[in-house]
Amino acid sequence: MVNVPRLVVAAPSSGSGKTTVATGLMAALTGRGLAVSGHKVGPDYIDPGYHTLATGRPGRNLDAYLCGPDLVAPLFLHGARGCDLAVVEGVMGLYDGASGQGELASTAHVAKLLRAPVVLVVDASSQSRSVAALVHGFASWDPRVRIGGVILNKVGTDRHEALLREALEESGVPVLGVLRRAERVAVPSRHLGLVPAAERQGGAVDAVAAMAEQVRAGCDLDALTALARSAPPVPGEAWSPPEHRPGRRPVVAVASGAAFTFSYTEHTELLAAAGAEVVPFDPLRDETLPEGVAGLVVGGGFPEVYGPELSANEALRREVAALAASGAPVAAECAGLLYLARSLDGLPMCGVLDAEARMSGRLTLGYREAVALSDNVLAAAGTRMRGHEFHRTVLEPGAGDTPAWGMRLPEPRVEGFVRGGVHASYLHTHWASLPGTARRFVERCAG
């Protein structure tokens with residue numbers, strides 16, 4: 001058991017200000033000279049990008065559905081190794097979990113797995129005394145969830161703050177911060193949530209600095225730090241990517257840059273531990289793949305936003321198509337799937353897959369249970385994995401002659417493409433749940 005000071009930033013619902021408080025707190029504590037580890041409950045890739053800016057360390061996800069409850073504490077300890085304190089940003093409302101799965105993958109579930117105290121961020125903009133009833137309800141719903149304090153967000157005036165504090169005196173839950181309405185910390189959104197930090201560059205840095213200043217001005221950092229230090233030791237041992245050394249060390253190119261920002265940190269760690277030389281490249285800027293490339297990983301992101309630029313990089317598109325045609329291992333998720341298609345919104349893409357992609361008005365969102373329908377570069381036939389879909393695009397057709405996955409949720413269907421060394425699918429997966437995925441991919445790259 002390891003003692004890592006930690007706290008979970010949660011809320012009654014989405015839109016209450018979790019990201020502002022969590023990211024601002026990470027940056028404010030980092031500014032005090034602490035080594036801070038940032039984590040996000042759930043599959044979201046975007047918030048961890050802001051956590052990275054706030055702490056200077058990789059932002060990491062804790063998802064009890066994708067990885068299973070038993071891996072949550074080990075993955076947390078892995079990410080927080082060597083840190084003075086960890087801040088975990090929740091997802092949706094405190095008790096909202098995977099649909100139809102009870103508390104599974106909820107913020108409350110993760111807080112209990114980590115034995116971490118919870119700070120509840122409440123949007124107080126349209127209430128006064130009722131805030132006490134709301135906080136009391138959340139604090140008493142599950143006695144195993146310890147709500148150690150409240151941060152009141154979007155407070156209007158001194159009078160409003162006084163009414164809120166007076167009401168909460170009866171709840172027994174201390175007020176650890178009061179944040180006033182502040183437009184300058186607003187972060188622009190897109191169809192899948194916040195605009196990724198990698199796309200905003202200087203704007204994202206300014207936003208994180210503004211969040212930190214708001215938290216410093218409105219929150220009791222000493223009390224929050226003391227609350228984090230009151231957490232008992234975390235059960236279990238830290239996760240580590242299993243090491244493997246193939247006959248040679250193959251170069252695995254991993255797409256990065258503004259168009260491909262969705263990737264779990266553990267994926268590159270698993271690839272490196274499995275023996276790969278991981279080399280990032282930017283399809284928006286680089287006209288060639290890394291020298292000596294033996295395999296390619298293209299994760300998620302927003303290729304639809306950068307369609308003209310991706311299409312204009314014809315030299316790179318030809319290299320990707322040639323690499324796939326050679327039989328080299330290629331793993332593509334969501335945005336990567338679109339990039340490998342023949343076209344995206346009418347613009348030529350790599351043409352690896354005989355499919356057309358386009359934006360749609362329909363959001364496809366949710367956890368999935370999947371089974372590999374054939375042997376491929378990521379998994380043997382029959383391998384079961386859990387994943388997550390999150391996109392507003394459609395692909396026609398949605399599956400090739402050899403689909404990548406058979407899925408049970410939300411309805412039985414087949415999805416994705418397996419052809420030669422290519423595995424392409426909308427499904428986002430977390431390879432830490434099945435470490436053999438990275439090893440299998442690297443072994444195929446090593447030949």
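**A first look**

Buried residues, meaning those under 20% relative accessible area (1.4 Å probe, protein chains only), make up 59% of the 447 residues in the protein chain. The model is predicted, so local features need pLDDT of at least 70 and side-chain atom pairs count only at pLDDT 80 or more, while totals for chains, interfaces and linings use all residues. Residues are numbered from 1 along each chain as its sequence is written, and side-chain values use heavy atoms, with hydrogens and water left out.

**Overall build**

- The protein chain holds 14 helices and 22 strands; these are DSSP runs numbered from the N terminus, with helices (H or I) of at least four residues and strands (E) of at least two.
- The radius of gyration, taken over C-alpha atoms, is 22 Å, which agrees with the value near 22 Å for a compact globule of 447 residues. That globule rule is 2.2 Å times the number of residues to the power 0.38.
- Along the principal axes, the C-alpha atoms fill a box of roughly 70 × 45 × 45 Å.
- Of the contacts (heavy atoms within 4.5 Å) with a separation of 6 or more, 75% are between residues 24 or more positions apart.

**Surface and charge**

- The accessible surface, from the Shrake-Rupley method with a 1.4 Å probe, is about 17,300 Å², and 51% of it belongs to carbon and sulfur atoms.
- The chain has 41 positive and 46 negative charges, whose mean positions are 3 Å apart. Here Lys and Arg count as positive and Asp and Glu as negative, with His and the chain ends not counted; each charge is placed at NZ of Lys, CZ of Arg, CG of Asp or CD of Glu.

**Strand β5 and its partners**

- Strand β5 (residues 118–123) is mostly covered, with 5 of its 6 residues buried.
- Strand β1 (residues 6–10) pairs with β5 in the parallel sense over 3 bridges, and A10 stands opposite L120 in β5. Pairing requires that DSSP finds at least two bridges between the strands.
- Strand β6 (residues 147–155) also pairs with β5 in the parallel sense, over 6 bridges; D123 stands opposite N153 in β6.

**Backbone details in loops**

- The peptide bond from E396 to P397 is cis, with omega near -5°, and P397 lies in the loop between β17 (384–396) and β18 (405–407).
- C334, in the loop between β13 (330–333) and α13 (335–340), is not a glycine, but its phi is positive, near 55°. C334 counts as buried because its relative accessibility is 6%.
- D345, in the loop between β14 (343–344) and β15 (347–348), is another non-glycine residue with a positive phi, about 50°. With a relative accessible area of 40%, D345 is partly exposed, a class that lies between buried and exposed (over 50%).
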